[in-house]
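Student: Could you walk me through this structure, one question at a time?

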Amino acid sequence: MATMTDQALPVRPAAAPTRRNPLRSEAKWGYIYALPAVLVLAVFVIYPFASIIVHAFTRWDGFTDPTFIGLRNFQFLLQDQTFIAALRNNIYFALSVPIQLTLPLGLAFLIHQRIRGWRFFRWTYFLPAIYSTVVLGVLARLALQVDGPLNQVLSTIGLGGLSRDWLGDASTAMPSILAIFVWANFGYNVVLFLAGMSSIDPQLPEAARIDGASQLQVLRHVFVPGLRRVMEIVLVTSTINAFAYMFTYVFTITNGGPGFSTFVVEFDIYNNAFAFQKLGYACAMGLAITVLISGLGFLQIRALTGGRE
Amino acid sequence: MRNSVVRPAPLRWVLIAGMSALAVSAVFPLLFMLQAAFRTQADWAASKIGLPTTFSLDAFARAWVQASIGTYFVNSVIVTVGAVTLSVALAATAGYAFSAIQWRGRTFAYFFILAWMAIPPLLLMVPIYVEMTDLGLVDTYWSVILLYSALNLPFNMYLMTAFFRAVPRELLEAARVDGASVNLIFIRIMLPLSIPAIATLVIFNALYVWNEFVFALLLLHDDSVRTLTVGVNQLVGKFFFDYPALLAGMLITSVPMVVVYVVFQRYLVRAISAGALK
């Protein structure tokens, strides 16, 4: 996303000579038109980001001035069992990235090939991205309760033995959240892949088919290479989602429980900052995760683009 | 040709069945809320699944009035309209500066804004909260309006710039020769031409702002400014034994964006595709 492959900005041909020094009088307007956007971004995104970098190296309770403590926050982070457990859960969610890549790719391929009902599939698959995550989370929590609809359905169809307290047990709470997370995101990725597929020259897969390639071979050797850009985006955003967009799911579905078993890093940041007044420590967590995500994103793009060249 | 995507027929039907199951699951939340929200509490207690035997709007009344969903709804509308308008306006003016005006540093400024597209905002929640407190914006619409605008700005600006760059140079040159000022060209030529791009961004941003939860939770504590997503989460505690009212509240939260999707699907898909194909 930050990697831009844009062509150079088009240079306007020299202005008509009828006006006096048109370039200089225009340049002023360039700054005037760009300034409001730069200002809003600087105040509400760039300043907070700079603030995180500075305060990650301080002890700060939010009331008194922060004091510089060097790398102490990060040393503490490495031994903080709550943080490590939370990070482990984020990694668990990140392990779904291959599914988040391949499932939408396959679905988009079938829709792109005009499988029967493709319009209906294309329309409905985006719905999970339309619902608010809060609504999905609350619905999931209701549905998975001990006396909730899922267990009712199970016992109605004679599978009562399978019913359980889905969210009350650590061994089923994590997979439940994971399933909802993957489900909530797949349709968005299908739309991304469809956009990529429609930009591929339709003669390429046609030619491959005439040469006797199977559908899977067409997908593998014609579409996948043409979708590298989209795959990059899906890979990187899915990873970012698993580390930095889990709060709403966890907060609404299990509130981190049972115990700390579904705790995630954002939750830990939230608690440290707003319950324990350890703002400096929370900033250190935020910085550590930002660095981790950037590193992973860099590796993923390297793996995709470097693998074949 | 097109009908035989997958050659062996049995496999084809398995795939179609699987895809249909996914499609049903995608519609299910909506159907579930619908079948529960129009019931009475007694009907819900009797059976939680299946078709309702009663039709009543009481649950909506309870949610709208007792749980202040009405207030939250108005707040969500205010915040969404405010944030979308501000962000798209900023993106349009910046996009104009980056595409049609020559000035020193514009390439740098362009990429500088763009670089913030992938920053995960939740990791910034501590400094954002502190900053909003210092500015006295906590518990005001402005806190989230300004923040959402800023977070959406890099993508919006990217799309507007790309769109403006596609406007034929000759058109701008002709207007200049005729003596049109920078401002007049923006208002009379660029803005009218960019209505499709603006519509795309409005829909795309509205979806994000309407559904955003964490910063609304963090920055809007007072009931008078709270938005729907935070309000709905509170409903769980308030209506723990009144599921029809709870689901009515969630339905009220979901329906506006579902309607937007039904009507403006084209624009949403265009925004996402533009992000994918840049």
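Student: What is the radius of gyration of chain B?

Tutor: Start with the box: the C-alpha atoms of chain B fill roughly 75 × 65 × 35 Å along the principal axes. For a compact globule of 278 residues the rule gives a value near 19 Å, but chain B has 24 Å.

Student: And what is the radius of gyration of chain A?

Tutor: Here the C-alpha box, again along the principal axes, is roughly 85 × 70 × 35 Å. A compact globule of 309 residues would come out near 19 Å, but chain A has 25 Å.

Student: How many helices and strands does chain B have?

Tutor: Helices (H or I, at least four residues) and strands (E, at least two) are DSSP runs, numbered from the N terminus. Chain A has 15 helices and two strands. For chain B, the count is 13 helices and zero strands.

Student: What percentage of chain B is buried?

Tutor: We call a residue buried if 20 or more other C-beta atoms lie within 10 Å of its own, exposed if 12 or fewer, and partly exposed in between, with C-beta atoms placed from the backbone. By that count, 42% of the 309 residues in chain A are buried. Of the 278 residues in chain B, the buried part is 47%.

Student: Which helix of chain B gives the most to the side that touches chain A?

Tutor: Two residues are in contact if their C-beta atoms, placed from the backbone, lie within 7 Å. On that basis, 78 residues of chain B are in contact with 83 residues of chain A. With eleven residues, the top contributor on the chain B side is helix α13 (residues 243-277).

Student: How many nonpolar residues are on that side of chain B?

Tutor: Ala, Val, Leu, Ile, Met, Phe, Trp, Tyr, Cys and Pro count as nonpolar, Asp, Glu, Lys and Arg as charged, and the others, Gly among them, as polar. The side of chain B that touches chain A has eight charged and eleven polar residues, and its nonpolar residues number 59.

Student: Which residues of chain A does Met125(B) touch?

Tutor: Leave aside its neighbours within four places in sequence. Met125(B) is then in contact with Val214(B) and Leu218(B) of its own chain, and in chain A with Ile269(A) and Tyr270(A).

Student: Is Ser68(B) buried or partly exposed?

Tutor: Ser68(B) sits in the loop between α3 (58-66) and α4 (69-99) of chain B, and its phi is near 55°, positive in a residue other than glycine. Most residues other than glycine have a negative phi. Ser68(B) has 20 other C-beta atoms within 10 Å, so it counts as buried.

Student: Is Gln277(A) buried or partly exposed?

Tutor: Gln277(A) lies in the loop between α14 and α15 (279-306) of chain A, and has a positive phi of about 55° although it is not a glycine. It has 14 C-beta neighbours inside 10 Å, so Gln277(A) is partly exposed.

Student: Over which residues of chain A does pLDDT stay under 50?

Tutor: pLDDT is the predictor's confidence in each residue, from 0 to 100. The mean for chain A is 87, and 91% of its residues reach 70 or more. Where pLDDT is low, the predicted coordinates should not be read in detail. In chain A, pLDDT stays under 50 over residues 1-21.

Notes:
Residues numbered from 1 in each chain as written. Chains lettered and ligands numbered in written order. Predicted model: local features only at pLDDT ≥ 70, side-chain atom pairs only at ≥ 80, totals over all residues. Rg over C-alpha atoms; globule rule 2.2 N^0.38 Å.
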